[in-house]
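Thank you all for making the time this morning.

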Amino acid sequence: MILKHSLACFFLLSGLTLAQHPAPHKKPDRAAPATRPKADPVLAIHQSALIVDTHADTPQRFLDENFDLGSNTPVTEGHIDLDKIKQGNLGAEFFSIWVEPEFKGHYAQRAMELIDSVYQQAARHPDKMTMAFSADDIAHAHDQHKFAALMGIEGGHAIENDMRLLRDFYRVGVRYMTLTWSNTNEWADSSGDIQDPNVKHHNGMTDFGNDVVREMNRLGMIVDISHVSDATYYQALLVSQAPVIASHSSSRELTNQPRNMTDDMLRAMTNNGGVVMVNFYSAFIDENYRKASSDPEKVKQRDAEVEAYKKAHPHPDGSPVTYDETAGIEKRWAAQLPRPPLKSLIDHIDHVAKVAGIDHVGLGSDFDGVTSLPEGIDSVADLPKITQALYQRGYTREQILKILGGNFMRVMREVEATAKRLQAERKESDALSFEDIELMIGNRVSSSQLMVRIRQHGVNFELTPERRTQLKAEKVDESVLDAMVKTKKK
Ligand SMILES: [Zn+2]
């Protein structure tokens with residue numbers, strides 16, 4: 001909650017609800033004493049909630065447009081700013097660290113710049129917002145009436161196939177990672193190009209991909225399966241020891257988009273204990289809109305216009321023209337189609353709640369990353385309309401609070417507890433894994449210390465020629481390598 005008793009906010013929101021619940025016709029009585037408006041029960045639910053949204057692409061606006069969260073944004077340009085956050089009573093946002101595949105060769109650098117841009121915003125507005133890294137941090141910010149900013153990486157390619165970079169991203173505050181974006185990377189398949197025969201696929205994830213999931217569990221970074229292929233999803237569920245999330249995914253049963261989740265996938269989420277945060281994008285929540293927006297002729301024309309723009313506006317330093325620069329073109333094309341009704345979004349929330357269960361559904365707006373939103377949802381300020389619609393469908397206060405953020409908070413706490421358990425187990429376990437060795441090297445443990453640990457615990461892996469080459473490249477002493485061979489345990 002941002003401002004519990006903001007009068008301006010109260011009247012704004014009650015105006016909204018009054019407009020949709022017209023009061024019974026009554027003659028105005030000038031003589032009647034002024035009375036306080038009766039508290040709206042729906043508004044009361046919304047204002048009492050700790051609301052968490054798990055996906056917004058605003059960091060690109062911070063970085064590429066020098067956008068300040070304190071400025072007032074026309075909804076045609078952006079969905080999120082601090083005033084709108086207050087109006088919508090958003091408690092926490094996961095800002096997406098989305099690295100466009102065009103940044104090949106510089107993925108981690110681009111990610112770090114986006115991460116810095118989020119910290120910069122928090123530094124500029126310390127009275128209104130704060131960085132947060134845990135469920136407790138979110139709750140604490142909420143108690144202080146401050147907006148909590150968190151970060152999730154969108155697209156596993158950002159770690160550049162390097163487990164040490166994954167750990168570095170955790171250290172600088174990243175708390176979830178979407179295993180893939182729309183592009184298959186070198187260790188996990190994406191739903192975005194799974195039909196493309198020119199892309200090398202892995203039938204899910206490679207061994208390294210499994211290790212990434214395990215290391216995320218150990219670190220306490222939430223495994224996010226939005227965007228991944230179906231095979232990657234099921235494999236991630238098998239490997240992960242902690243609940244996973246879909247940070248911004250909707251239902252494929254209702255809207256036939258390959259990156260939406262089938263009912264079978266939703267049911268698997270129930271068993272996993274995770275949560276599906278429903279995406280608000282028109283093309284993911286409304287079948288008519290999806291069909292209209294994927295008209296091949298129109299898509300071709302739009303893409304050609306985007307490409308022409310990129311050619312005409314190259315960056316002097318050779319860096320890629322970013323999504324934000326061409327978003328205007330995409331928005332203009334999107335505006336030609338009528339927006340779907342709010343009902344379509346509520347149908348998706350309702351469907352996930354029914355199939356996966358009320359404990360496994362939440363909100364993953366995709367604000368500032370999509371070109372069309374359903375009617376009535378122009379920005380984060382309109383979140384109360386979702387609460388109202390759920391209430392009208394018969395959802396109870398307790399159920400609504402779960403959807404708005406309670407379910408996510410539970411999952412985040414479970415992920416943190418799993419990490420704590422795994423870290424403790426690992427400390428106690430006898431033999432060191434190759435991962436342990438890599439972790440120590442990444443943490444710049446000296447050769448002599450490495451030797452002590454290896455002699456103490458032994459290792460549980462075969463020192464294959466590949467591993468030997470890798471460790472040598474990391475300047476591990478020959479004597480340490482010999483010790484690994486000698487202390488190998490069954
Ligand atoms: Zn996305």
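Let me begin with a definition: a residue is called buried if 20 or more other C-beta atoms lie within 10 Å of its own, exposed if 12 or fewer do, and partly exposed in between, with the C-beta atoms placed from the backbone. By that count, buried residues make up 44% of the 490 residues in the chain. Please keep in mind that this is a predicted model, in which local features need a pLDDT of at least 70 and side-chain atom pairs count only at pLDDT 80 or more, while totals for chains, interfaces and linings use all residues. The residue numbers I quote start from 1 along each chain, as its sequence is written.

Now to the overall layout. The domain assignment, where bounds come from an automatic or database assignment, gives domain 1 as 41-424 and domain 2 as 429-486. The centres of domain 1 and domain 2, taken over C-alpha atoms, are separated by 37 Å. As for secondary structure, the chain has 21 helices and nine strands, where helices (H or I, at least four residues) and strands (E, at least two) are DSSP runs numbered from the N terminus. The radius of gyration of the chain is 24 Å, close to the 23 Å that the globule rule gives for 490 residues, so the chain is as compact as a globular protein of that length. That radius is taken over C-alpha atoms, and the globule rule is 2.2 Å times the number of residues to the power 0.38. Along its principal axes, the C-alpha trace spans about 95 × 50 × 45 Å.

Among contacts between residues at least 6 apart in sequence, 77% join residues at least 24 apart.

Let me turn to pairs of helices. Axes here are lines fitted to C-alpha atoms, for helices over the stretch in contact, and angles run from 0 to 180 degrees between N-to-C directions. Angles under 35 degrees count as roughly parallel, over 145 as roughly antiparallel, 65 to 115 as roughly perpendicular, and the rest as oblique. A crossing is left-handed if the near helix is turned anticlockwise from the far one by less than a right angle, and right-handed if clockwise.

Take helix H7 (residues 163-171) and helix H8 (residues 207-219), which pack at an angle of about 30° with their axes 11 Å apart, and which are therefore roughly parallel to each other. H7 passes H8 in a right-handed crossing, and at this meeting Met163, Leu166, Arg167 and Tyr170 in H7 face Asp211, Val212, Glu215 and Leu219 in H8 as contacts.

Helix H13 (residues 296-312) and helix H14 (residues 323-334) pack at about 160°, with their axes 10 Å apart, and they are therefore roughly antiparallel. Their crossing is right-handed. The residues that meet there are Arg302, Glu305, Val306, Tyr309 and Lys310 in H13, and Thr326, Ile329, Glu330 and Trp333 in H14.

Finally, a few single residues. In the loop between strand E4 (147-154) and H7 we find glutamate 160, whose phi is near 50°, a positive value in a residue other than glycine. Glutamate 160 counts as partly exposed, with 19 C-beta neighbours inside 10 Å. Asparagine 161 lies in the loop between E4 and H7 as well, with a positive phi near 55°, and is partly exposed, with 16 other C-beta atoms within 10 Å.

Leaving aside neighbours within four places in sequence, alanine 92 is in contact with Val52, Ala132, Ile138, Ala148 and Leu150.

Proline 374 sits in the loop between strand E9 (361-363) and helix H16 (383-392) and is buried, with 24 other C-beta atoms within 10 Å. Not counting residues up to four places away in sequence, proline 374 touches several residues, including Phe280, Arg339 and Leu345.

Note on methods
Contact = placed C-beta atoms within 7 Å.
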